[in-house]
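Please view the sequence and the model below before reading on.

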Amino acid sequence: MNLLRGAVIFLGLLAVWQALVSLTGVESFILPGPLAVARALASRWSLLAENAGVTILEILLGLACGSLLGAASALLIAAFRPARQWLLPVLVVSQAIPVFALAPLLVLWFGYGLASKVAMATLIIYFPVTAAFYDGLKRTEPGWLDLARTMGGSRLAVLRVIRIPAALPALASGLRVATAVAPIGAVVGEWVGSSAGLGYMMLHANARLQIDVMFAALFVLAAFAVLLYFAVDRLLRLALPWQSEET
Amino acid sequence: MNTAADTAAPIAVHLHAARLSYRGAVIFEDLDLDLPAGRITCLLGPSGVGKTSLLRLIAGLTDNEGGDGGDGGDGGNGGGGTLPPGTAVDQAGRAVQDRVAYMAQQDLLLPWASVLGNVLLGPRLRGEDRDPEIVQRARGLIAQVGLKGREEDLPARLSGGMRQRVALARTLAENRPIVLMDEPFSALDAITRFALQELAARLLAERTVLLVTHDPLEALRLGHRITVMAGSPARLETALDVLDDVGGADELPAPPRDPGNANVLARQADLLKRLARARENVLDLT
């Protein structure tokens with residue numbers, strides 16, 4: 001039922017778009033109609049697929065690095081008081097720097113290839129994951145901690161057996177945010193300097209007024225981002241079947 | 001920790017010169033409490049009087065503030081090092097907080113762990129959950145609380161009464177000689193509560209139990225001794241003391257007592273009036 005509604009909304013928007021283009025007679029280098037975009041999608045398919053592969057790899061690698069680093073930092077901060085006292089202020093202050101402003105630097109340091117985009121995606125993901133997981137680790141139900149204290153568990157055992165599992169739903173929401181923003185990091189990285197990827201293709205097409213190709217690349221990117229989000233959301237739900245009762 | 005020896009002989013608990021304050025207001029000070037060995041002591045009193053604080057103090061979950069100057073009497077120091085006055089100790093003067101099992105009003109079940117996983121929480125925290133003997137014992141306790149066959153279920157699939165029975169099994173799995181219970185049945189409906197009181201009294205036999213409750217009938221069904229806590233700062237007074245399981249002069253049967261027993265009902269009326277007076281005292285002072 002939901003799938004049907006989604007399809008209706010999608011097709012409806014396409015119809016409105018096509019009607020707008022046909023009625024106003026707007027130039028195709030300003031706004032191409034969906035039919036023109038579909039034609040570009042079909043004729044440039046192999047090129048699109050090749051560049052999409054690069055961008056998808058950047059997104060997935062960035063997602064993996066950012067999530068692992070973020071989760072590890074949150075654990076470190078939650079488990080060790082010195083880490084909390086020294087690292088947390090640095091983390092908070094670092095968030096005042098707009099990550100996009102670092103993109104040229106990252107390209108300078110890591111080159112035009114994959115590494116600078118992965119670094120960009122990692123940076124943009126890192127903080128939401130760290131913040132969400134640390135928040136979850138901090139908010140353990142006090143009753144559970146009382147219980148553990150009377151049972152005589154060590155601090156590390158309490159962290160492993162109670163606090164980390166209890167914080168997993170919070171980590172999951174951090175990962176959902178990360179999944180949604182990871183493509184932004186990869187594409188911004190490509191815009192600043194690259195030789196392949198959907199962002200690179202969009203810049204290139206834009207310079208040549210091939211706006212239909214630009215839209216085709218955008219469509220592929222959006223389709224992958226949506227698919228990725230739903231896949232991650234589904235996986236997280238499967239991994240934490242008990243959390244739906246909790247939240 | 002040899003758990004077998006822990007339960008061998010019931011131990012009495014003594015609390016001497018305990019003091020606790022909250023935001024400058026003294027909840028109680030110079031408070032003495034004795035829990036007779038292997039018996040159930042019920043602690044009644046108006047809400048907010050400090051019953052839970054007292055229980056948490058015995059469990060070692062709240063730090064006692066008593067006699068920081070060191071002039072609080074003998075200080076209850078026995079065998080080894082000096083304990084701060086107001087620490088709950090046994091007959092030999094040793095601190096009891098590491099021999100305590102704790103059960104709260106909420107079941108505090110971990111939602112991601114199975115029934116068996118929750119009952120084995122203590123062993124898991126201490127790294128003992130691989131011991132087949134301990135697992136076997138946990139399964140036995142689950143059967144005793146009537147949940148045989150539900151070992152692998154998640155708590156979300158259980159009713160409130162079942163969840164609290166899992167909590168009871170978890171408390172018993174600790175196999176501690178002292179059990180501290182903070183209104184463990186108050187969130188349950190009357191019928192479930194009735195069945196669970198019966199079960200708890202049977203399974204907690206021979207352990208030293210402190211049961212905090214606001215229900216006089218519950219106290220009269222389960223308690224060998226009933227203590228009323230009232231006032232601000234709070235004082236304790238004994239309202240019932242039937243340490244022998246046989247009723248004797250008091251004509252009260254051994255717990256769990258039948259709520260229809262004429263003597264239980266008569267005492268319930270007395271206790272209610274006493275509690276009403278105790279609450280007025282608290283209100284007068286605030």
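## Positive phi, helix packing and the chain contact

B:D30 lies in strand β2 (residues 25–35) of chain B. The model in which this residue is described is a predicted one. Although B:D30 is not a glycine, its phi is positive, at about 50 degrees. Most residues other than glycine have a negative phi. B:L108, in the loop between β4 (100–103) and α3 (115–119) of chain B, is a residue other than glycine that also has a positive phi. The table sets out both residues.

| Residue | Phi | Other C-beta atoms within 10 Å | Class |
|---|---|---|---|
| B:D30 | about 50 degrees | 17 | partly exposed |
| B:L108 | near 55 degrees | 22 | buried |

Chain B also contains a pair of packed helices. The axes of helix α6 (residues 160–173) of chain B and helix α7 (residues 190–203) of chain B come within 11 Å and cross at roughly 10 degrees. Because of this angle, α6(B) is roughly parallel to α7(B). On α6(B) the contact is formed by B:G161, B:Q164, B:R165, B:L168 and B:L172, and on α7(B) by B:T192, B:L196, B:A200 and B:L203. By class, five residues of this contact are nonpolar, three are polar and one is charged.

The last topic is the contact of chain A with chain B. Chain A gives 18 residues and chain B gives 20 residues. On the side of chain A, the elements that supply two or more residues are α7 (142–151), α8 (155–192) and α11 (243–246) of chain A. The largest share, eight residues, belongs to α7(A). This side of chain A comprises 10 nonpolar, four polar and four charged residues.

Methods:
Residues numbered from 1 in each chain as written. Chains lettered and ligands numbered in written order. Predicted model: local features only at pLDDT ≥ 70, side-chain atom pairs only at ≥ 80, totals over all residues. Axes fitted to C-alpha atoms, helices over the stretch in contact; angles between N-to-C directions. Helix = DSSP H or I, 4+ residues; strand = E, 2+ residues; numbered from the N terminus. Parallel < 35°, antiparallel > 145°, perpendicular 65-115°, else oblique. Contact = placed C-beta atoms within 7 Å. Nonpolar A, V, L, I, M, F, W, Y, C, P; charged D, E, K, R; others polar. Buried ≥ 20, exposed ≤ 12 C-beta atoms within 10 Å, placed from the backbone.
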